Amino acid sequence: MILIWVALAFAIGVPIVAAAGSEQLAWRGPLYVVAGFAGIVALGLVLVQPLLIGGYLPGFPAYRGRRAHHWIGGTLVAAIVIHVVGLWITSPPDMIDALTFSSPTPFSPFGVTAMWAIFAVALLAALRRRLGLRPRTWRFIHMPLAIVIVAGSVAHCLLIEGTMETISKAALCALVLAATVKAMIDLQVWRKRRTLRGESTAPQ
Amino acid sequence: MTMVVLNRRYLLAAGGSVLAAGMSGLLLPARAEGLAPTESMSGGANNYRKGAPTVDRIGKGGFWMSGSVRRAGDGAPLVGQRIQIWAHTTEGQEHEPQSHGATLTDKDGKFRLEMPQIIPIFGQPHGHLAYDSGEFKTVFLRPVMRSAKETSLEAHFVLQPA
């Protein structure tokens, strides 16, 4: 099903191309531009995550999908770091306000909350084996954080007036929400099960 | 038939409004009597450069920043007060010197300064204004434009003695 990949490429590619055509870019320094696009890419990666773990992407069934989910998670952390560092250098006082939840902009706390949730998931995922987290415990931690990440990212993005074109931005956000809800329903993440999707994993 | 419900909250509210109406009749100019000072806005002081020069226009202009400066309490217009203005515009980023300028209020306490078009920065099209001249308490404002397409923005100061 090549169609799914084409649709995904459009879902992420169209907002990026549309933002690349924004007249706002003319008034921004290179670092600010990179920081902004890192944010758009991060939102695109948030769309890929539930698609991978739900096994909806052809060529990435079960195990491979989960491996890719881990890698994309790491890439997401990198994109967020570029986003925050780039904005910090562009305007340190504005970034400090955002990180300390004292910003006048309504979208900042959503983004910062999602950022900490992403960092928490990435850190726990990296330490999961060492901490001996059982799949059920992991899911119990990861699912609420995943909801915070998705809801926070979408709210953050929608409230920003920047380079993103409004309709492609709203469409990407809607897809992120839809993919997350579908994956969570299909995987019945609220059910108590030992393993995800029934495939066997070595007991921790 | 209309039911009039009398309870404590209603009576307090009614009594309060009667009292307020009566007081305003006695004290003239009444409404200005209690004019509260403007609080600094969060993020208002971001990228402030102290002592921006008083200019006729910032850069090439095309955008108008205007407003008023009044005294807390009686609301009297404050003449000759220096208001500093800066923003991320088509001619420079917020922290850059060319993005900053100052102007003085006229005899009616009004000010108006032409500057380059403000563009969205950090997700909101906004400007910055400061009163920071010592005679009154320092106030930093950060008004947001309803749309990035607007070509003017207003901000109003009510100052209290330092």
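In helix α3 of chain A, the buried residues are Leu76(A), Ala79(A), Ile80(A), His83(A), Gly86(A), Leu87(A) and Thr90(A). Here, "buried" takes 20 or more other C-beta atoms within 10 Å of a residue's own, "exposed" 12 or fewer, and "partly exposed" anything in between, with C-beta atoms placed from the backbone. Keep in mind that this is a predicted model, where local features need pLDDT of at least 70, side-chain atom pairs count only at pLDDT 80 or more, and totals for chains, interfaces and linings use all residues. Residues are numbered from 1 along each chain as its sequence is written, while chains are lettered from A and ligands numbered from 1 in the order in which they are written.

**Helix α3 of chain A**

- Helices (H or I, at least four residues) and strands (E, at least two) are DSSP runs, numbered from the N terminus.

**Two buried residues in chain A**

- Ala11(A) sits in helix α1 (residues 2–20), and it counts as buried because 20 other C-beta atoms are within 10 Å.
- Ala11(A) touches Leu47(A), Leu172(A) and Leu175(A), leaving aside residues up to four places away in sequence. A contact here means C-beta atoms, placed from the backbone, within 7 Å.
- Ala11(A) and Leu175(A) are 164 residues apart in sequence, yet 7.9 Å apart in space, C-alpha to C-alpha.
- Leu51(A) belongs to helix α2 and is buried too, with 24 other C-beta atoms within 10 Å.
- Leaving aside residues up to four places away in sequence, Leu51(A) touches Leu8(A), Tyr56(A), Leu57(A) and Ala179(A).

**The sheet in chain B**

- Chain B has an open sheet of 4 strands in the order β3-β2-β5-β6, with antiparallel pairing. Two strands pair if DSSP finds at least two bridges between them.
- The edges belong to β3 (100–104) and β6, each with a single partner strand, so one side of each has no neighbour in the sheet.
- On average, neighbouring strands of this sheet are turned by 20 degrees against each other, direction ignored. The axes are lines fitted to C-alpha atoms (for helices, over the stretch in contact), and angles run from 0 to 180 degrees between N-to-C directions.

**Strand β5 of chain B**

- For β5 (residues 127–131), 5 of the 5 residues are buried, so the strand is largely enclosed by the rest of the structure.
- On one side of β5(B) are Gly127(B), Leu129(B) and Tyr131(B), and on the other His128(B) and Ala130(B).
- β5(B) pairs with β2 (residues 82–87) over 4 bridges, and with β6 (residues 139–141) over 3 bridges.
- Leu129(B) is the bridge partner of Ile85(B) and also of Leu141(B) in β6(B).

**Where the chains meet, and confidence**

- 17 residues of chain B are in contact with 15 residues of chain A. That side of chain B divides into 6 nonpolar, 9 polar and 2 charged residues. Ala, Val, Leu, Ile, Met, Phe, Trp, Tyr, Cys and Pro count as nonpolar, Asp, Glu, Lys and Arg as charged, and the others, Gly among them, as polar.
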